[in-house]
Amino acid sequence: MSLPRISARVTLQAPALVSDRGESYTCEVASLSATGALLVGGPRFDLDRELFVELQVAEGEVVFLRAHVVRHQHFGEGRYGVGVAFQALTPEIEGQLTRVVTEAYKQLGARVLGQVRGELQRRGVTDIAAVADELQRIKEDQARAHLFAADLFTEGGSDAVAQIVSGTTGEARECVVWSLNLYLGLNREQRVIDRAREALSRFGTGAGTSPPSGGLSRLHHQIERRVAEMTGKEKALVFSTGYSANLGALSALPGPKDLVLLDREAHASMIDGVRLSGRKWIAFKHNDVADLESKLERYAPHHENVFVAVESAYSMSGDLAPLREIAALKDRHRFYLYVDEAHTFGFYGEQGRGYCHEQGVSDRVDFIMSTFSKATASMGGFVAAEERFCTLLQASATAYIFQACLTPPDAATILASLDEIREHPEHARSLHEHNAYMREALAREGFDLGTSSSPVIPVYVPDLEKLYRLCAQIYMEGVFTVPVVYPAVGPNEGRLRFIVNAHHTREQIDRTVATLARNARALELI
Ligand SMILES: Cc1ncc(COP(=O)(O)O)c(C=O)c1O
């Protein structure tokens, strides 16, 4: 018997009533589509068992259905779910169910959590408790539909495949995972894990304090040396996260007479850093060298130090920066160039030295920043630069001065990962091969991948209702990624993001593309 396409989850007005030989049980409807449902909290009915299901889909609107059990789902703590397929549906009932599901997704799609506070403010609702209540209600609806990503966790960590568990419903589902930035799959590399374990035995657990208070160990020192050598800079400083590396550097570098020019799609940590500096900043059009140059012409003469901050590959759009052209602007304008290599360090350039290295512009980039949470499968971040600028950051970046250092196993993971990157180019090779293979397959199906080319593959779905629906549907079929909406992208924009990993297999890529294409076609997206 084939599994039904349980393709949507809705919040129903009332629980379903399930009858079995005259006895009735009240169940939660964890998900609902026009052809079936997932009913949770009743007995573990046998497979193929016929049931009569009564669904109250809205106030005063009840739908009676015959169904049979097609699968079991364990929800933990003695709770079971049964997947049921509806039988002998009349066109009228099918239409009714479709309408309910569509309406529910419209409501979810219409309320992007990150935009709600602004919307309420515009309507004059500023009472913090009222705002929080509204957010809570929307979050619960989205969590029940498995669309509030922070409600989901992996049962035993992740590789290319993981058990994804819903914190709200307890439902667990094995999925191919596409939302993590563990590009090289080094989080599951035995040599890396062994080194982290050794460091734990030798160095203990926490670092206890920040760098100026004695929190650094030999491991941190080694990372700084290795990173400086890889990036071709005099010195590198290790921060406790990539976020705080950007926050620390970009809040500390600009002074009162200075200006920061930021790419419009720059990561939130860069924007927060510049905002924290309190200095003047202007966004230029994404990857638009002409716009950057016109802003340099217009504003640079009125400022003492000018900083241009970009990413090498953009985390949400997956496109690479025109680094050579940007660096060439230095021939005509005076500025410091700051490049965030979060999505290229470790797998672009010879021996993973990064995209600045690959493009031959490292010497013209004054600050190379990256994170250790992605290719190197740990935590932390770095800023590499001339030693005197690193000293300036040590003296003034509060995220460096007042934040505890990385733990020893995190630091050892970074060192082991850097060794892997240098000695095993096959990790990066398979990442790039998978990326090319998946892009080609998605393009063949007619998906819009924008201008992306890095292992971050965005699939643009501008209609948020359909975006949420597509995301929930592929999740039901074992493909996990998250809807990317505001504030990660602009207001009312949406996309799904597929981040390729060296550990994904061709079979997983084929299955993902087929699942995505079938569901996207049903929603008339391709
Ligand atoms: C471009 C970019 N910079 C910085 C960061 C922050 O790094 P981390 O999450 O390791 O703190 C990220 C993470 O998503 C990123 O994508």
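Biologist: What is the order of the strands in the open sheet of seven strands?

Modeller: Happy to walk you through this predicted model. The order is S10-S16-S15-S14-S13-S11-S12, and the pairing is mixed.

Biologist: What makes S10 and S12 stand at the edges?

Modeller: Strand S10 (235–239) and strand S12 (280–284) each have a single partner strand, so one side of each lacks a neighbour in the sheet. Across the sheet, neighbouring strands are turned by 20° against each other on average, ignoring direction.

Biologist: How do you know that S14 and S15 pair?

Modeller: Pairing calls for at least two bridges. Three bridges join S14 (residues 336–340) to S15 (residues 367–371), therefore the two strands count as paired. They run parallel, and Tyr338 stands opposite Phe367 in S15.

Biologist: Good, and what packs on the sheet?

Modeller: Helix H8 (residues 289–299) does, touching S11 (259–263), S12 and S13 (306–311). The direction of H8 makes about 150° with that of S12.

Biologist: Turning to helix H11 (residues 387–396), which residues are buried?

Modeller: Phe389, Cys390 and Leu393 are buried. To be called that, a residue needs 20 or more other C-beta atoms within 10 Å of its own.

Biologist: Why do you say that the buried residues of H11 line one face of the helix?

Modeller: Seen down the axis of H11, they fall within an arc of 105°, so they line one face. The face turned away from that buried side carries the exposed residues Glu387, Arg388 and Ala395.

Biologist: And what covers the buried residues of H11?

Modeller: The cover includes strands S10 and S16 (381–385), together with helices H6 (242–252) and H12 (398–401).

Key
Residues numbered from 1 in each chain as written. Predicted model: local features only at pLDDT ≥ 70, side-chain atom pairs only at ≥ 80, totals over all residues. Helix = DSSP H or I, 4+ residues; strand = E, 2+ residues; numbered from the N terminus. Axes fitted to C-alpha atoms, helices over the stretch in contact; angles between N-to-C directions. Contact = placed C-beta atoms within 7 Å. Buried ≥ 20, exposed ≤ 12 C-beta atoms within 10 Å, placed from the backbone. Arc of directions from axis to C-beta.
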